[in-house]
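Look at the model below and follow the chain as you read. The paragraphs take one part after another.

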Amino acid sequence: MSFANFKDNIDEGDTAILYLSANSMHAIEVRPKIKNKKDELIENVFQTTYGALKVRDLIGKKYGSKVELSRGWAYVLHPTPELWTLTLPHRTQIIYTPDISLIIFQLEIRPGSVVVESGTGSGSLSHALLRCIKPQGHLYTFDFHSHRVLLAQEEFANHGVAEFVTVAQRDVCEFGFGEELKGKADAVFLDLPHPWKAVEHAADVIRESGE
Ligand SMILES: C[S@@+](CC[C@H](N)C(=O)[O-])C[C@H]1O[C@@H](n2cnc3c(N)ncnc32)[C@H](O)[C@@H]1O
């Protein structure tokens, strides 16, 4: 639940950022045990260039504290959209923080905004949008790739932000964003190979005063 609100201590199930250096960070799901290839539950040991970390040792530690690895040390940081962008599993090309800042600024996205996005991709932009619009706003994010949709849904649930986002599988160039969103969006953002094919559909969902 660690993306939903800031908190002091690490709980089981959080996603924490292991910071070795500015160029070496890892997002870790804080689970004491994981399944191996034979489907057996084993101790979750995360390997880094400075040695191993027993993930269960993170539970109860303060975010920001220094943790020992078998051949060195690291800091364990609270997750933010910026750190997630730097550590997320890449399923696609992603949008990075400097561009995300400009997008949010130019679209005037704020707490309470209803935002429509396509494609979801790796969820880099989505995480930043979610922090900005919650708790009253909502993100509708569309991708035509079913596995990416599934993984994004799982990540939003693991990160405690699922209630603020609806992930749908759809080819938005062909089928648009759906009747139910007509005239509802404050902002639409398209990160697609052929965005011009979805512009008419975007115009359908945008509110009269929207961007
Ligand atoms: C570059 S990625 C988006 C990356 C995302 N903005 C991020 O920051 O992680 C483009 C995504 O658009 C999806 N896509 C491409 N054409 C599409 C279409 N016609 N309808 C819906 N999704 C589409 C792809 O499957 C891919 O996941």
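Helices and strands here are DSSP runs numbered from the N terminus (helices are H or I with at least four residues, strands are E with at least two). This is a predicted model, in which local features need pLDDT of at least 70 and side-chain atom pairs count only at pLDDT 80 or more, while totals for chains, interfaces and linings use all residues. Residues are numbered from 1 along each chain as its sequence is written, and side-chain values use heavy atoms, with hydrogens and water left out.

Helix 4 itself runs over residues 146-158 and has 13 residues. From its first C-alpha to its last it reaches 19 Å, close to the 18 Å expected at 1.5 Å a residue; the expected span is 1.5 Å times one less than the number of residues. Val149, Ala152, Glu155 and Phe156 of helix 4 are buried. Buried means under 20% relative accessible area, exposed means over 50%, and partly exposed lies in between (1.4 Å probe, protein chains only). Seen down the axis of helix 4, the buried residues fall within an arc of 130 degrees, so they line one face of the helix. The arc is that of the directions from the helix axis to the C-beta atoms. The cover over these residues includes helix 1 (81-87), helix 3 (124-133), strand 10 (138-143) and strand 11 (165-169).

Strand 10 holds histidine 138. Is histidine 138 buried or exposed? Histidine 138 counts as buried because its relative accessibility is 17%. Its side chain makes a polar contact with the side chain of threonine 166 at 2.6 Å, and it reaches the backbone oxygen of phenylalanine 164 at 3.4 Å. A polar contact is a pair of N or O atoms within 3.5 Å; within protein, one must be able to donate a hydrogen and the other to accept it, and residues adjacent in sequence count only if both atoms are side-chain atoms.

Strand 8 (residues 72-77) belongs to another part of the account. Strand 1 (residues 15-21) pairs with strand 8 in the antiparallel sense over three bridges; two strands pair if DSSP finds at least two bridges between them. Isoleucine 17 stands opposite leucine 77 in strand 8. Strand 7 (residues 66-69) also pairs with strand 8 in the antiparallel sense, over four bridges, and the two form a hairpin with two residues between them. Lysine 66 has tyrosine 75 in strand 8 as its bridge partner.

Key
Contact = heavy atoms within 4.5 Å.
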